[in-house]
Amino acid sequence: MSIQLPKDPKDHDYEDQIAAMLLASGYYLETRLILKKGSEEVLEFDAIVTPTNDYTNRRIVEVKSGAWGMSDLFKLYGQTMYTKHSAAWLIHKKMLSTTKKAAILELSEKIPVSTIYINLANQPAKTKCGEIPEAIEMDEKLQNLVFVVAWWSRSGDRVAQG
């Protein structure tokens, strides 16, 4: 029986795919972080990413393979304020309606939270997204290798913890 990465990842698989893409773009990742105050969970982060070429430009990342909305943007805004990070990215897989897109764009202009649509199944370059700046340049062949190895590694880690 052969094991393959999903062509159209969902849920945690999508989160792992995005993490692998960020790694292949030159970001240091801290993933699946839970901030506690005593025994109480205060915040949970999908990831905090740091460009390897600019350690002062950390961002909070939330990954959504399914439904999301304005409340997610406000949650991320609150997290940036609480952690004193400069900005956040909400990376999503589902396209928005025109009405929702306009409302989200209007809000995003007022707060340091950007929404980024990434569905690597529909993109010709599987490891790149033009909206996420590359932190380090690397040969495309090497970048693809880093992406695949990172995705397999993250998927295996999640299964092992599971």
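Is R32 buried, partly exposed or exposed? R32 counts as partly exposed, at 26% relative accessibility; the classes are buried under 20% relative accessible area, exposed over 50%, and partly exposed in between, with a 1.4 Å probe and protein chains only.

1. Basis of the note. The model is predicted: local features need pLDDT of at least 70 and side-chain atom pairs count only at pLDDT 80 or more, while totals for chains, interfaces and linings use all residues. Residues are numbered from 1 along each chain as its sequence is written, and side-chain values use heavy atoms, with hydrogens and water left out.

2. Overall architecture. The protein has four helices and five strands, where helices (H or I, at least four residues) and strands (E, at least two) are DSSP runs numbered from the N terminus. Their order from the N terminus is α-β-β-β-α-β-α-β-α. Of the 162 residues, 41% count as buried. The accessible surface, by the Shrake-Rupley method with a 1.4 Å probe, comes to about 9,500 Å², and 55% of this belongs to carbon and sulfur atoms. With contact meaning heavy atoms within 4.5 Å, 65% of the contacts between residues at least 6 apart in sequence join residues at least 24 apart.

3. Nonpolar cores. A nonpolar core is a set of buried Ala, Val, Leu, Ile, Met, Phe, Trp, Tyr and Cys residues joined through side-chain atoms within 4.5 Å. The largest has 23 residues, of which L22, Y27, V49, W89, I91, I118 and I132 touch the most other members. Helix 1 (11-24), strand 1 (27-37), strand 2 (40-51), strand 3 (59-64), strand 4 (87-92) and helix 4 each supply at least two residues of this core, and helix 1 gives the most, with seven. A second, separate core of 13 residues includes L43, I48, L73 and L90.

4. W89 and E62. Leaving aside residues up to four places away in sequence, W89 touches a set that includes L22, Y27, V49, E62, I116 and I132. E62, placed in strand 3, is buried, with a relative accessible area of 6%. Under that sequence exclusion, the residues that E62 touches are D46, K75, L76, W89, L90 and I91.

5. Largest pocket. About 260 Å³ of space lies in the largest pocket. On a 1 Å grid over the protein atoms alone, a pocket is an open set of points where a 1.4 Å probe fits, with protein on both sides within 12 Å along at least five of seven lines; lining residues have an atom within 4 Å of a point. Of the 13 lining residues, H92, L96, K101, T115 and I116 are the closest to the pocket centre. Strand 5 provides the largest share of the lining, five residues; helix 3 (98-108) and strand 5 (113-117) each supply at least two. By class, the lining has seven nonpolar, four polar and two charged residues.

6. Backbone points for checking. Most residues other than glycine have a negative phi. R32, in strand 1, has a positive phi near 50°. K84 also has a positive phi, of about 65°, although it is not a glycine. K84 sits in the loop between helix 2 (70-83) and strand 4 and counts as exposed, at 74% relative accessibility.

7. W152. This residue lies in helix 4 (residues 140-161). W152 is partly exposed, with a relative accessible area of 38%. W152 and D16 are 136 residues apart in sequence, and their C-alpha atoms are 8.8 Å apart in space.

Technical notes:
Points joined across faces, edges and corners; volume = space filled by probe spheres on them. Nonpolar A, V, L, I, M, F, W, Y, C, P; charged D, E, K, R; others polar.
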